[in-house]
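User: Hi! I'd like to go through a model with you before I set anything up. Could you bring it up?
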Amino acid sequence: MAPTTPPERATPDQRVPEQVAVPGRPDLLPIIPAPPELDRDTEAMQSKAPFCGLGFARGRLAPQLHQRILESFRANAGRFRPEPDIPWMGSTEPATIPALFFEDRALNAEVSQALKPQHEAWSGMALTESACYGIRVYQRGTYLYNHVDRTDTHIISSTICVDHQLDTPWPLYIEDVDGGVHQVDMAPGEFLFYEGARLRHGRPYPLDGNYHAGMFVHYRPVDLAALAANMKPDTMKQSAVEPEGSPR
Ligand SMILES: [Fe+2]
């Protein structure tokens, strides 16, 4: 069922905290602030993004699918190459490449198709595949400024934890539909459904460990026009519709 038109609410508080508590890390973790121009872009894109009111929720890959991804990751380990500059990515390690990338197109198509029913169930909408990206390997010292994803295609998304070797957790920072801040840590094989174009998210603290390997799937509603027609520019702060298993 498509989401109903959200009620009018106040303009959200767009401030990002200076530091956050992260389970499994001893101290408050300072947030690396996004450059002002990126923040401006984020706010402009958020204001145009369709409202779904879903927020985010945890998911888990079927073991066979996770195994299939891990096999591709390991079989192609020698074929990963430096990823070109990404505006919302940086590193505290000047001698280390921030991210490596290898695309197994057959795998990506398989993952995108396999996860579509779960995304349709979570969102309550018929979806069209927009993109599946990865595998991307973030290395030691990498951080991702908070940002939002593409407004036109990345409406219902997931970030998948394929594998990692970390010394301390490197969670996803994500704001819920009320503007509340969450740190979501994922184990290999877990993923997080989220409204990529609407919810500010990132990993705005340096990766402490050897690597984090991820994949990203993006979908858009088949009836995007109907969803967009329900959108209002001042409806960022809405009560979340949190499915079972949603993180608090
Ligand atoms: Fe993103």
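User: Thanks! Where does helix 3 bend, and by how much?

Analyst: Helix 3 bends by about 40° at K116, the bend being the angle between axes fitted to the seven residues ending there and the seven starting there. A proline, P117, follows within four residues. Helices here are DSSP runs of H or I with at least four residues, strands are E runs of at least two, and both are numbered from the N terminus. Keep in mind that this is a predicted model: local features need pLDDT of at least 70, side-chain atom pairs count only at pLDDT 80 or more, and totals for chains, interfaces and linings use all residues. Residues are numbered from 1 along each chain as its sequence is written.

User: What does helix 3 span from its first C-alpha to its last?

Analyst: Helix 3 has 19 residues and reaches 26 Å, close to the 27 Å expected at 1.5 Å a residue. That expected span is 1.5 Å times one less than the number of residues. After the helix comes G124, with a positive phi near 75°.

User: Which residues of helix 3 are buried?

Analyst: They are L107, N108, V111, L115, H119 and S123. Buried means that 20 or more other C-beta atoms, placed from the backbone, lie within 10 Å of the residue's own; exposed means 12 or fewer, and partly exposed is in between. These residues pack against helix 2, strand 7, strand 9, strand 12 and strand 14. Over the protein, 35% of the 248 residues count as buried.

User: And how many residues are in the largest nonpolar core?

Analyst: It has 41 residues, and F56, V111, V162, M215 and V217 have the most contacts inside it. A nonpolar core is a set of buried Ala, Val, Leu, Ile, Met, Phe, Trp, Tyr and Cys residues joined through C-beta atoms within 7 Å. Among the elements that give two or more residues to this core are helix 2, helix 3, strand 9 (156-166) and strand 14 (209-221). Apart from it lies another core, of six residues, including L29 and Y143.

User: What about strand 10, which strands does it pair with?

Analyst: Strand 10 pairs antiparallel with strand 11 over four bridges, and two bridges join strand 10 to strand 13, also antiparallel. The hairpin of strand 10 and strand 11 has five residues between them, and G179 in the turn has a positive phi of about 90°. Y173 has G202 in strand 13 as its bridge partner.

Definitions and conventions: Contact = placed C-beta atoms within 7 Å. Pairing = 2+ DSSP bridges.
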